[in-house]
Amino acid sequence: MYGKILIYGQLEVVTGMHIGGSDAFSAIGAVDKPVIRDQLSNMPILPGSSLKGKLRTLLARSMSQNVLNMPDFSGDAPVVRRLFGVAYDIVNEAELREDFEALARAMKLLQYDYLGGHGTRGYGRVRFNGLRLMPLETSLEAAQLDELKDILEKGCAELELLRV
């Protein structure tokens, strides 16, 4: 079996967030923390690499035997390497549930943590809403997709007590 599943949803920013653009030197009085913006709309954007990197780090850390001496990527658990390689491919249908449970765990951890800079000051809290799955080039049944969606939703919904 081979295929891909697109995950759609909304990433709600619960507190202020800063995803910086440059660490270049700024003169006194200059803007020292530029925000990454879309070139066409000039609206602030969140690069997918920032989200993917944070989810991967949180999941790898949660599965690591020693969080003070994290292994390089080759030492990550197999599920982390599958989920956060170059692109996620459905190769083994038997691993799908484990992979989606791990992804739900990473999403839950992110909602407890922060995204971007200044997280220790309360910035960067996010929440996932309206998750949808769209199968691409896969023979998964609708019931299987619904089960995977439920795994993600339940993983994110367990934070009800922490919602602002």
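Helix H1 (residues 48-63) and helix H3 (residues 96-112) cross at roughly 105 degrees, and their axes come within 9 Å. That makes H1 and H3 roughly perpendicular to each other (the word covers 65 to 115 degrees). This is a predicted model, where local features need pLDDT of at least 70, side-chain atom pairs count only at pLDDT 80 or more, and totals for chains, interfaces and linings use all residues. Numbering starts from 1 along each chain as its sequence is written, and side-chain values use heavy atoms, with hydrogens and water left out.

**The H1-H3 contact**
- On the H1 side, Leu-51, Lys-54, Leu-55, Leu-58, Leu-59, Ser-62 and Met-63 make the contact (heavy atoms within 4.5 Å).
- From H3 come Ala-102, Arg-105, Ala-106, Met-107, Leu-109 and Leu-110.
- By type, the residues split into 10 nonpolar, one polar and two charged.

**The core**
- The largest nonpolar core has 30 residues, a set of buried nonpolar residues (under 20% relative accessible area, 1.4 Å probe) joined through side-chain atoms within 4.5 Å.
- H3 gives this core its largest share, eight residues.
- Phe-100 is among the residues with the most contacts inside the core; beyond its neighbours within four places in sequence, Phe-100 touches Ile-5, Ile-7, Leu-133, Leu-148, Ile-151 and Leu-152.

**The whole chain**
- Along the sequence the pattern runs β-α-α-α-β-α, with four helices and two strands (DSSP runs of at least four residues for helices, at least two for strands).
- Buried residues make up 28% of the 164 residues.

Definitions and conventions
Buried < 20%, exposed > 50% of the residue type's maximum accessible area, 1.4 Å probe, protein only. Axes fitted to C-alpha atoms, helices over the stretch in contact; angles between N-to-C directions. Parallel < 35°, antiparallel > 145°, perpendicular 65-115°, else oblique. Nonpolar A, V, L, I, M, F, W, Y, C, P; charged D, E, K, R; others polar.
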